[in-house]
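Look over the sequence and the model first, then read on.

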Amino acid sequence: MGFFNLHSIRFRLLAALVVALALMLVWVTQYQTRQTEALIHRHAAELLCQIAQRMNDQLVATLRTHADQVQLLSQLPRLTDPDISMADRRKLLERIRDTDPTIAWIGMTDANGTIIVDTGNLLTGKNVAHREWFIEGKKGLHLGNVHDAFLLAKLMPKPKWDDLPLRLMDISAPVLDSNGKLAGVLCMHLGWDFAFAARHRIAELSHIGDSEILVLDHTGRLLMGTEKLPSHAMTFDGMTAFRQAVLRGGWSGVTVWPDDNRPYLTQFLYKAHHELPGLDWIIAVRQPVESAFAEARSFVENSTAVLIVALATITLLFFVLVNHFFHPLETLTEHARRILAGHEPLKLPELRRKDEVGVLSRTLSQLLSRTREQIDQLEQQKRQLTIYAQLFEHAPLAIMITDPDNRIVAVNPAFEQITGYREKDVLGKSPTLLKSGRHDKAFYERFWQTLCREGSISVVLWNRRANGEIYPERLTAAVLQDERGEKIGYIGIFSDITEEERARAEIERLSRLDPLTELLNRHTFIEQLRRQIEQKRPFWLLFLDLDNFKAINDSLGHPVGDRLLQELAHRLKNLLPEDAFVGRYGGDEFLLCWPGDADTPDTLAARISEAVREPFAIEKMTLQVGITIGAAAWPRHADDWVTLIKAADAAMLSIKHKVRDQDWRVYDASLAQDLDRRSRLLAGLRHALRTDGFQLAWQPKVNARTGRWESFEVLLRWQHEGEWVSPAEFIPLAEETGLIRGIDEWVLHTALATWSRWQQQGWTRGRSLAFNLSAATLRSRAYMAQICPTLEKHGIAPADATLELTETMVAEDSPEVNEAIHLLDQMGCHLSLDDFGTGHANLDLVSRLPLDQLKIDLRFVKGMLHSDKDRIIVEHAVNFAHALGLEVVAEGVETEEQAEALHQLNVDLLQGYLFSRPLLTEEMEARLQADDSI
């Protein structure tokens, strides 16, 4: 459709636009008119201000000239020279007066204020000490304000219409003699007519027209009036504009003057007192408003008439055009209204027009056909919005939505509950009102950079509630976008994690401290020890181990033992030297670091030993324990913390459980060999565990009645550097270093795999195998959980496996050990109590355990033939076990006499070198292959 098509609404609207531009032109014209009036107003005000300034400058310049003249006269020697007669002095003064008609009178006083000479000899001999011009003139140059002068009125001319007495101004200055002392005061009276003359000159130069120039004092009294407003007419202190001028130093604007109650464009200028101190007159220039704004008002009146005619014409034209152009649109509107009311189908009439209205009618008809589909979609969206609104309302997490300028537009109830701010208090505000001050500017810059770059971010930050409380929150923020990908705001979802942070802080604290003693735990102590080494300052490390603590735990129970450790920790902390720190290394072992380069720590060790040996009062009991202390120095005895701890431990172990005359020992070179062997054994154990370097040995348990081998105990053997190492030496080392779990796992899998192979050969029929478990392994739930699957994997019934537990393990009576024992029982495995009779476990505890077998310790077997005591112990142990339905095994049987005696006591199984030493797997297989009936 062409742009200039007469049927185009676009073209018609262009015509309407032309009309609108005409209206705009009229508006601009009117605006220019207003601006013209404002400019004229401003110009007139500036003109009045210039007139007032010129008047002020004229008056100030005249006074400054006469002030300089008075000051110069006061310094003439002829006035102070005593040789000069008074007549000559008077002539001098009169000549000066005659040169300037403005001067009304000149006179000079002595130091007491008596006039000694004056012009006209009018006031000679009169004392004026009370006059202001004399009082102030003694101090320096003085300008007095305008005042009346009745005596001199006849001497000075004044306007005929100004019927007030003569007005004068005083200018005085001190007269000094040759010695610089006050000889008198020289005073000059100026006639006020100089102000009238100045106004006349300014009126001629400035063409002020009907403007008036007045001079007032600060009280509003007229000092100089006009023919229309004589000086005596009235005062103007009641005018608000006048009071503003006094306060501000000037005022400009339109105000009503009370002399004729007419508005005047007025300029007040109050600045003479700044230029000449002592003068307080105010210059006022006024011009009637009707004359000041006559030109602007005439222009406005003419423009208004033209504008009214133009507006009337344009309005009529526009009305006709709109009525013609929008009639088709009204037809469409009426049809749409009837459709909305349900009186017409969803279809508009298709107007046979070539303009946009015709296109619009056809397009709308097509759009209406899609309305129902869109309504259905809107209903579905409405249901979704209802769900989202309820989710927003009832969400347990705080939700905050902001606009693109990061101003809050919505928050949910959880937000109010967490922050304490109500919705009405935060709407329209920035989320920064929640800032706690704990995060610096760089933190928030990184936050916003990540949010804008990634579109979302999750952080933990600290904010402030409405009551000032600072709290931690976990915030997830995201950028909100519309369907076009344009940013429409931000959303923040956060939760109060105060309790979580408290728990984390407590966990962090507990991770550093031993939970029982609240000393440094092992890990934290070692970290501080490493830092101490990094600082390269010498220090002593003390390894502390309680004596007989296990006996207290076993006999009195773990709660008493725990209290004992707590009391010990308290004593150690009280003994701690400055800069020293102490930690619990494990069980009843403690480490103490003492910075310094002392030769020996004997004094500190003695104090610790003495403090520990003091009785402990626990649960109405008095306990007494000893302590063993090993000491090593860095860097004297070791280069690193691992070796240093080993050295201190070695020093402690060198005197542990030995008869000694002291409780502590410092590491020396004689212990290096033991440490070296320990290191080599530890390295060998790790290597053996990686490379299957261990071997199994099998020792039979023989039926005491038939002599048949009914069970085999699996024993661990290890050959290191060409020699067999005793289990009594390497097993404790493995337990100490945590390798024992891996070793036990190897023993379990290897023994079961071997037994499975023997089972296939038929060698295990009617027999069982037994193997030992360490305390550390027994506490491992992971290890316990794999026993049953491993048995199933190798096709071995749990009833064919016996697990031997030492009295030490059972005596712990710990939840982990008890759980493991009952788990093994539930699996169907047999349980055997090893080393029975060593005194670690009480009979009540044994009777409550699900045991199947009891093994008598070899020390009683060896001594029963020579000691009635040992024989009685064995006899009672057998009777006790049989009473509980347990099978009894006696280990360490080496002679026929021992075997016979045990048989007489009804022992079920015998084990010892009398029947067979422990045989390696290959040897045992050869023995079974040769005779499996043994």
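## Overall picture

The protein chain has an accessible surface of about 49,000 Å². Carbon and sulfur atoms hold 53% of that surface. Accessible areas come from the Shrake-Rupley method with a 1.4 Å probe, and for residues only the protein chains shown count as cover. This is a predicted model, in which local features need pLDDT of at least 70 and side-chain atom pairs count only at pLDDT 80 or more, while totals for chains, interfaces and linings use all residues. Residues are numbered from 1 along each chain as its sequence is written, and side-chain values use heavy atoms, with hydrogens and water left out.

The protein chain has 934 residues, and 44% of them count as buried. Buried means under 20% relative accessible area, exposed means over 50%, and partly exposed is in between (1.4 Å probe, protein chains only). The chain holds 33 helices and 33 strands. Both are DSSP runs numbered from the N terminus: helices are H or I with at least four residues, strands are E with at least two. Take the contacts between residues at least 6 apart in sequence: 60% of them join residues at least 24 apart. Contact means heavy atoms within 4.5 Å.

## The mixed sheet

Which order do the strands of this open sheet follow? The order is 18-19-17-22-23, with 5 strands and mixed pairing. Two strands pair if DSSP finds at least two bridges between them. The edges are strand 18 (581-586) and strand 23 (664-666), each of which pairs on one side only. From one strand to the next, the twist averages 20°. Axes are lines fitted to C-alpha atoms, for helices over the stretch in contact, and angles run from 0 to 180 degrees between N-to-C directions.

Strand 18 pairs with strand 19 (residues 589-595) in the antiparallel sense, over 5 bridges. Here Phe581 stands opposite Cys593 of strand 19. Helix 21 (residues 641-653) packs on this sheet. Helix 21 touches strand 17 (539-547), strand 18, strand 19, strand 22 (626-634) and strand 23. The direction of helix 21 makes about 140° with that of strand 22.

Another open sheet has 5 strands in the order 8-7-11-10-9, and its pairing is antiparallel. Strand 8 (222-224) and strand 9 (250-257) are the edges, each pairing on one side only. On average, neighbouring strands are turned by 35° against each other, direction ignored.

Strand 7 (residues 212-216) and strand 11 (residues 282-288) pair over 5 bridges in the antiparallel sense. Glu212 has Arg286 of strand 11 as its bridge partner. Helix 6 (residues 240-248) packs on the sheet and touches strand 7, strand 9, strand 10 (262-269) and strand 11. The direction of helix 6 makes about 170° with that of strand 9.

## Salt bridges

How many salt bridges does a search of the whole structure find? The search finds 27. A salt bridge is a side-chain nitrogen of Lys or Arg within 4 Å of a carboxyl oxygen of Asp or Glu. One of them joins Arg680 and Glu721 (3.0 Å, N to O). Arg680 is in helix 22 (residues 672-691), while Glu721 is in the loop between strand 25 (709-720) and strand 26 (723-725). The two are 41 residues apart. Arg680 is partly exposed, because its relative accessible area is 31%. Glu721 counts as exposed, at 55%.

Glu713 and Lys855 also form a salt bridge, with their closest N and O atoms 3.0 Å apart. Glu713 lies in strand 25 and Lys855 in strand 30 (residues 853-856), so the pair ties together parts 142 residues apart in sequence. Are these two buried or exposed? Glu713 counts as buried at 5% relative accessibility, and Lys855 counts as buried at 0%. Both belong to a network of salt bridges that links Lys701, Glu713, Glu804, Lys855 and Glu891.

## A loop residue

Leu433 lies in the loop between helix 14 (423-426) and helix 15 (441-454). Leu433 counts as partly exposed because its relative accessibility is 26%. Leaving aside neighbours within four places in sequence, Leu433 is in contact with Tyr421 and Val426. Leu433 and Arg464 are 31 residues apart in sequence and 8.2 Å apart in space, C-alpha to C-alpha.
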